[in-house]
Amino acid sequence: MNITILGPGAIGSLYAYRLNQAGHSVSLWGRHPASPVEFSLDECPVLSFANRDRHCLQHCDLLIVTLKAWQVEAALSPILEMLHQDTIILFLHNGMGTVERLQAQLHNRPVLLGTTTHGALRVTANEIRHTGQGQTLIGAWNPLGQQCQFVAEVLDHAIAPVKWHEDIRSALWTKLIINCAINPLTATLDCQNGQLVHSQYRSQLSAIVSEAAMCARTQTIELDDKALLQTVLTVAKATEENYSSMHQDIYNKRQSEIDFITGYVLDIAQKYQLAVPQNAALFQQIKQIEASWSQHD
Ligand SMILES: NC(=O)c1ccc[n+]([C@@H]2O[C@H](COP(=O)([O-])OP(=O)(O)OC[C@H]3O[C@@H](n4cnc5c(N)ncnc54)[C@H](OP(=O)(O)O)[C@@H]3O)[C@@H](O)[C@H]2O)c1
């Protein structure tokens with residue numbers, strides 16, 4: 001397939017490299033005009049990719065969006081008109097709400113949503129490291145996307161395991177709620193994920209999860225609060241030495257994805273007039289930290 005990666009950072013470069021190795025024609029669409037872009041993956045040799053090549057973009061069969069959630073609208077809107085109407089667009093980022101913001105421009109196109117637990121790190125401009133073996137779930141956002149189940153097989157050959165999920169919204173909500181619990185707390189407490197397993201955080205985690213699950217129910221997503229809390233604790237334990245992505249963003253003074261994680265829950269809570277005090281407090285704390293940078297730097 002002709003595949004373009006929009007937002008070739010850590011995770012996008014990992015996908016680009018593995019898809020190239022699997023025999024696909026892969027190009028990048030990064031922020032900077034330099035072309036070609038060259039990088040290695042782990043111990044594998046340097047590969048060269050076309051970047052910001054309009055011809056590649058116009059002829060791509062699959063566009064994989066691996067931007068940070070808050071970058072999606074600004075990056076995708078201007079290139080949509082260059083894409084063929086049949087190009088499949090796969091959104092593969094943390095958080096929710098980006099597709100809704102572009103709904104009017106996307107509803108006539110095949111759109112897929114996905115989530116991945118792979119870990120990737122850009123060590124230098126030309127070196128990508130696959131830091132954690134994970135799995136990827138993808139599914140349809142709209143009826144045209146429903147006809148694109150073969151994409152799971154295509155990706156599975158390159159970066160297994162990739163599974164098609166019939167109810168991807170439910171999977172994304174589960175991931176979102178795990179992120180609501182682990183990300184802002186580890187960022188504000190300045191701690192590794194494992195810290196949250198301690199009993200002193202149990203009631204706060206439980207409240208965060210229950211508030212978010214209540215919001216999910218308004219979207220016809222039925223999730224069990226107790227099972228979700230258990231999943232949060234299992235993930236925190238399994239990744240106990242990791243710093244969450246939001247912790248890393250805040251620590252490095254980079255804009256976090258809070259608007260598309262906790263912020264997504266708050267938007268729904270506001271719409272349905274639901275009280276979500278724990279999530280609202282964490283949202284405010286992260287926003288205050290982010291605002292303090294521009295005041296002091
Ligand atoms: N890294 C992981 O291990 C991992 C794992 C699971 C999920 N995720 C999720 O995957 C998403 C991407 O994460 P990441 O770690 O790969 O982030 P990242 O390294 O920051 O990648 C984002 C890339 O998008 C580029 N970009 C920004 N604006 C752009 C624009 N207008 N046009 C084209 N490219 C643009 C950035 O370029 P600049 O650097 O020049 O700004 C960067 O190369 C996030 O939602 C993250 O939460 C990441």
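**Salt bridges, domains and a sheet**

Biologist: Let's start with Arg-254: how exposed is it?

Modeller: Arg-254 is partly exposed, since its relative accessible area is 39%. Here buried means under 20% relative accessible area, exposed means over 50%, and partly exposed is what lies in between, with a 1.4 Å probe and protein chains only. Please keep in mind that this is a predicted model, in which local features need pLDDT of at least 70 and side-chain atom pairs count only at pLDDT 80 or more, whereas totals for chains, interfaces and linings use all residues. Residues are numbered from 1 along each chain as its sequence is written, and side-chain values use heavy atoms, with hydrogens and water left out.

Biologist: Okay, and which side chain meets Arg-254 in a salt bridge?

Modeller: That is Asp-249, with an N to O distance of 3.0 Å; a salt bridge here is a side-chain nitrogen of Lys or Arg within 4 Å of a carboxyl oxygen of Asp or Glu. Asp-249 counts as buried, at 3% relative accessibility. The side chain of Asp-249 also meets that of Lys-68 in a salt bridge, at 3.3 Å from N to O, and Lys-68, Asp-249 and Arg-254 are linked in a network of salt bridges.

Biologist: How many salt bridges are there by this rule?

Modeller: The count comes to six. One of them pairs Glu-222 with Arg-217, whose closest N and O atoms are 3.6 Å apart; Glu-222 is exposed at 61% relative accessibility, while Arg-217 is partly exposed at 31%. Another joins Lys-287 to Asp-259, with the closest N and O atoms 2.9 Å apart. Lys-287 lies in helix H13 (residues 277-296) and Asp-259 in the loop between helix H11 (245-251) and helix H12 (262-271), so this pair ties together parts that are 28 residues apart in sequence. Helices (H or I, at least four residues) and strands (E, at least two) are DSSP runs, numbered from the N terminus. Lys-287 is partly exposed at 25%, and Asp-259 is partly exposed at 25% as well.

Biologist: Changing topic, how is the protein chain divided into domains?

Modeller: There is domain 1 (2-166) and domain 2 (169-291), with bounds that come from an automatic or database domain assignment. The C-alpha centres of the two domains lie 25 Å apart, and the contact takes 16 residues from domain 1 and 15 residues from domain 2.

Biologist: And what area is buried between them?

Modeller: About 1,600 Å² is buried between domain 1 and domain 2, and carbon and sulfur atoms give 61% of that. Buried area is the accessible area (1.4 Å probe) that two parts lose on being put together, summed over both. Of the area that domain 1 buries against domain 2, Trp-70, Asn-94 and Met-96 supply 47%, more than any other three residues. The salt bridge count between the two domains is one.

Biologist: What about the sheet, in what order do the strands come?

Modeller: Eleven strands form an open sheet with mixed pairing, in the order E8-E9-E3-E4-E2-E1-E5-E6-E7-E10-E11, and two strands pair if DSSP finds at least two bridges between them. Strand E8 (119-124) and strand E11 (162-164) are the edge strands, each pairing on one side only. From one strand to the next, the twist averages 30 degrees.

Biologist: Which helix packs on the sheet?

Modeller: Helix H7 (residues 150-158) packs on the sheet, touching strand E5 (62-65), strand E6 (88-91), strand E7 (111-116), strand E10 (136-140) and E11, and the direction of H7 makes about 170 degrees with that of E11. Axes are lines fitted to C-alpha atoms, for helices over the stretch in contact, and angles run from 0 to 180 degrees between N-to-C directions.

Biologist: Last one: is Leu-92 buried or exposed?

Modeller: Leu-92, in the loop between E6 and helix H4 (98-101), counts as buried at 4% relative accessibility. Not counting residues up to four places away in sequence, the residues that Leu-92 touches include Tyr-15, Ile-64, Gly-114 and Thr-136. Leu-92 and Ile-11 are 81 residues apart in sequence and 9.1 Å apart in space, C-alpha to C-alpha.

Key:
Contact = heavy atoms within 4.5 Å.
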